[in-house]
Amino acid sequence: MKTPLYPSTILMTADTVGSVWTYALELTRAVAAHGTNVALATMGEPMSEEQRAQAESISNLTVYESEYKLEWMDAPWEDVEKAGEWLLQLRDQVQPDLIHLNHLSFGSLDWGRPVLAVIHSCVLSWWRAVKQEEAPKKWNRYSDMVRKGLQAADVVVAPTQAMMHQAEELYGPFKHSAVVYNGRGQQYFQFGRKEPFVFSLGRVWDEAKNISMLAHIASDLQWPVYIAGEGKHPETGEAMELDNVHFLGQLTNKEVTDWLSRASIYALPAKYEPFGLTVLEAAMSGCALVVGKTESMAEVWGNAARYVDPASADELRDTIANLIEDEFCRNIMACRAVKRSHGFTADQMAQDYSYLYGQLIEAPISVSK
């Protein structure tokens, strides 16, 4: 059997304001087993103290930090151009075997290396799901830049088949494509004695997460509702007001693990969630799951979650209330979630990416569509 090729060094991009940071660190830790080092170029905002400590704890990771605006931010294109120049300088400095982009418009740069680009989410698919309409014309440049970047990449990866279908419809055709499910390390999550409360976690300011609807129905539930996450929009500074709930704000990873270990029900009635790392973390922690009924959520969780119409507060209230009242059913759903989560480990994610990396290093590329 032919020995698989593993890259010695990867240049990877990540931002510091969302779950891509968690994904990038999880993947970096896992590919260490294959002898792969990762040079991580960060954008968006300065790293937090916790993020800095996380990065320093990973032996095969070197971080190169910047504050360039991300593609979805207001008037980003001057920053995006400068970021591209900076990334090419990093390529010359790092001399990577391949480029792993978690940003969408950089694929068309003159890399001189194989390029893998991951579409974790995008503005156009977000707009369709959340606003039920096409994105306004002000996003035309974004659309053009993303399309150009993805079509230039040697392979485009999405975290679900549902996200890939949307990406191909909006930005395709691609040279090659593949679906690689996200993963987390089970060792970071634990089962505690379950307590009578509902928990949710996410960017509270993001309309797609729909956390405000959970707050809206919270007073009708027998159990208290605790919500954690970033309450202020990173650009406008506008804070989301949440009534009827206990808002915990931004928690450390250790605090999140503790809350998930004790929560009986995890609720995220999202309108748009291409994969949902927080849902996976809740499943690994033995929570019964209540999530928005979207194509991607159904693909990932099958019968291991209860689904609600993201537009129906009544359905959300009734579904959570039924789980609160029925301990047996709640325990069954928690067990299903745990079992399903075993299919989404960091090691499996690393194996899938390493296979793609190996194919990219070996020319010609033969990634199956």
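## A walk through the model

Start with the charges: the protein carries 32 positive and 48 negative side chains, and the centres of the two sets are 3 Å apart. Here Lys and Arg count as positive, Asp and Glu as negative, with His and the chain ends left out; each charge is placed at NZ of Lys, CZ of Arg, CG of Asp or CD of Glu.

This is a predicted model, where local features need pLDDT of at least 70 and side-chain atom pairs count only at pLDDT 80 or more, while totals for chains, interfaces and linings use all residues. Numbering runs from 1 along each chain as its sequence is written, and side-chain values use heavy atoms, without hydrogens and water.

Now switch to cartoon view. You'll find 13 helices and 13 strands (DSSP runs numbered from the N terminus: H or I of at least four residues for helices, E of at least two for strands).

Next, colour by burial. Buried residues (under 20% relative accessible area, 1.4 Å probe, protein chains only) make up 56% of the 369.

Then select residues 313-325, which is helix α11. Its 13 residues reach 18 Å from first C-alpha to last, close to the 18 Å expected at 1.5 Å a residue (1.5 Å times one less than the number of residues). Pick out Ala313, Leu316, Thr319, Ile320, Ala321, Leu323 and Ile324: these are buried.

Definitions and conventions: Buried means under 20% relative accessible area, exposed over 50%, partly exposed in between (1.4 Å probe, protein chains only).
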